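Hi everyone, thanks for coming.

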Amino acid sequence: MTTHRDIEPALERYFEEGPQVLPDRVLEAALADIDHTTQRLGWRRPWRFLFMPTFQKLAIAGVAVIAFALVGSTFLTRPAPNVVGTPSPTVGPATGPTPVRFTLESDAGDIGVRFDLPAGWYSFEDANVSAFEPEGPDSLWPLIGVDVLLVDDVYADTCEGRALSEPRLGPGVDDLIAWIRARPGLMVGEPRPLSVAGHEGVEIEVDSGHPPGCEDVPVWPSGLPLGSHREGPYLIRRAMEYRVIALDVDGRRVVLVVNGMRGTFEARLDDAQVVLDSLELEVR
Amino acid sequence: MMDRDLVELAMRGDREAFGVLARVHGDRLYAIAYRILREVDRSEDAVQQALVIAWRELPRLRDPDRFEPWLNRILVRCCYSEARKRREWTANIRALPEDGPTAPDDLRGFADRDEIDRGFKRLPPEQRAILVLHHYLGLGLTEIADTLGIPAGTARSRLHYAHRAMRAALEADARRPAAAGGQRR
């Protein structure tokens with residue numbers, strides 16, 4: 001009988017071959033790039049603050065409270081601003097009890113989104129524009145998250161994310177839901193009508209159907225989400241659970257994907273609901 | 001100077017300290033990237049990209065002692081990204097055999113390096129990565145889970161499926177001569 005153990009020694013021998021030393025020019029190129037790259041702000045307290053005398057900390061805190069009160073009162077007496085401006089490069093974490101208001105717009109500038117980033121959540125510019133609660137402090141995978149997407153094209157093939165469907169997907173909510181339901185390689189639930197942020201739509205549970213040859217099922221290009229800088233296909237991953245919500249926002253289809261690690265998804269849906277409840281969508 | 005000291009300095013914006021870290025870890029990153037991607041150019045790009053991302057994101061690293069797995073994770077993500085740029089990359093395996101005495105005779109001699117090479121190159125990047133982490137770096141499931149940012153159970157199942165996919169790829173390769181009229185690629 002052939003078992004996995006038969007492959008292991010062969011793989012180990014196979015991995016022994018190959019280069020072991022990074023060429024200097026690659027290292028130098030990376031370091032040259034780094035010279036022009038600014039570090040992001042961390043979530044740790046700045047070290048200067050740690051070593052600051054107590055009276056100085058109190059003074060700074062006092063100034064901050066006054067400034068916050070002034071800014072707050074200014075905003076409270078004004079009408080809410082329009083959804084404009086580019087996405088913040090990186091927001092988070094929202095550490096306090098009060099959620100952080102997060103505003104973004106699509107690259108094309110034709111749609112705006114605002115939502116509250118709950119305490120402990122983050123949003124990264126190089127992920128899909130999303131609010132997500134990380135699995136751990138350094139995790140790149142969400143326990144639960146909400147992606148806001150514009151889905152105009154879908155993939156024709158099940159596993160490779162190579163060819164886009166022709167003819168193109170229709171523009172309506174029902175077009176997308178029908179496509180998801182018919183998509184080979186996915187397991188889907190029954191679609192349910194719902195309303196989010198005052199916009200009517202349809203919600204459907206989606207799971208990888210573990211098609212032969214691929215664990216993760218590519219569904220649509222990632223380049224289309226609002227403000228996303230990520231390349232490659234948007235994947236329905238085997239390790240994760242998904243709830244796809246397609247909304248009709250003044251004739252434009254906007255897709256929200258609540259997604260999270262299998263095993264923690266259900267328990268954290270309430271957190272995602274905070275995002276959905278606070279959502280405002282605007283087509284300009 | 002210890003890694004931790006260098007990491008802490010780099011987290012505060014010390015480029016020289018990061019340069020030392022890059023030199024210390026660069027060879028390992030490159031070796032991993034090459035074994036996942038099996039292409040020199042793409043491996044170099046992945047390492048370069050990983051180092052820049054690591055520098056940019058370093059202030060977000062909470063525990064400087066976890067720098068190495070954190071860096072590995074960034075590298076693996078960069079390898080995925082490089083892999084996705086090449087469209088013909090993904091697996092074209094159509095049937096995964098269940099465990100059992102189904103392997104053709106050709107599979108008894110897995111020592112053929114070219115067979116392994118062809119089989120491995122049929123795997124999607126996620127499966128390649130987990131095989132490299134396990135069989136090249138010698139990481140256990142918990143460490144793999146930590147590196148990939150997935151639960152240990154997921155790491156276990158992903159490794160299992162990677163082995164199965166590898167077997168399927170080898171079997172597909174073993175069948176190829178018959179299907180192609182006896183012609184080896």
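**Cores, strands and salt bridges**

Let's begin with the largest nonpolar core, which has 91 residues; Leu176(A), Trp220(A) and Phe18(B) have the most contacts inside it. By nonpolar core I mean a set of buried Ala, Val, Leu, Ile, Met, Phe, Trp, Tyr and Cys residues joined through side-chain atoms within 4.5 Å. Buried is under 20% relative accessible area, exposed is over 50%, and partly exposed is in between, with a 1.4 Å probe and protein chains only. Apart from that core lies another, of 24 residues, among them Ile111(A), Leu256(A), Val275(A) and Leu276(A). In soluble globular proteins, nonpolar side chains tend to be buried together.

Before going on, some housekeeping. This is a predicted model, where local features need pLDDT of at least 70 and side-chain atom pairs count only at pLDDT 80 or more, while totals for chains, interfaces and linings use all residues. Residues are numbered from 1 along each chain as its sequence is written, chains are lettered from A and ligands numbered from 1 in the order in which they are written, and side-chain values use heavy atoms, leaving out hydrogens and water.

Back to Trp220(A). What does Trp220(A) touch, not counting residues up to four places away in sequence? Its partners include Leu149(A), Tyr155(A), Leu176(A), Trp179(A), Pro233(A) and Tyr234(A), a contact being heavy atoms within 4.5 Å.

Now, the strand β10 (residues 217-221) of chain A runs antiparallel to β11(A), and 4 bridges join them; strands pair if DSSP finds at least two bridges between them. Val217(A) stands opposite Ile236(A). Strand β11 (residues 233-236) of chain A is covered on both faces: Pro233(A) and Leu235(A) are buried on one side, Tyr234(A) and Ile236(A) on the other.

Stepping back, chain A has 6 helices and 14 strands, taken as DSSP runs (H or I, at least four residues, for helices; E, at least two, for strands) and numbered from the N terminus. Of its 284 residues, 48% are buried.

Over in chain B, helix α6 (residues 125-136) is mostly covered, with 10 of its 12 residues buried. Among them are Glu126(B), Arg128(B) and His135(B). After α6(B) comes Gly138(B), with a positive phi near 75°.

On to charges. There are 26 salt bridges over all chains, each a side-chain nitrogen of Lys or Arg within 4 Å of a carboxyl oxygen of Asp or Glu. In one of them, Arg113(B) meets Glu17(A), with the closest N and O atoms 2.5 Å apart. Arg113(B) is in helix α5 (residues 113-121) of chain B and Glu17(A) in the loop between α1 (4-16) and α2 (24-35) of chain A, so this pair joins two chains. Within chain B, Glu68(B) bridges to Arg28(B) at 3.8 Å between the closest N and O atoms. That pair is 40 residues apart, linking helix α4 (residues 67-85) with helix α2. Glu68(B) is partly exposed at 36%, whereas Arg28(B) is buried at 18%. Shared partners also join Glu17(A), Arg38(B), Arg113(B), Asp114(B), Asp117(B) and Lys121(B) into one salt-bridge network.

The model scores ipTM 0.79 and pTM 0.48. Chain B averages a pLDDT of 77, on the predictor's per-residue confidence scale from 0 to 100. Where pLDDT is low, the predicted coordinates should not be read in detail.
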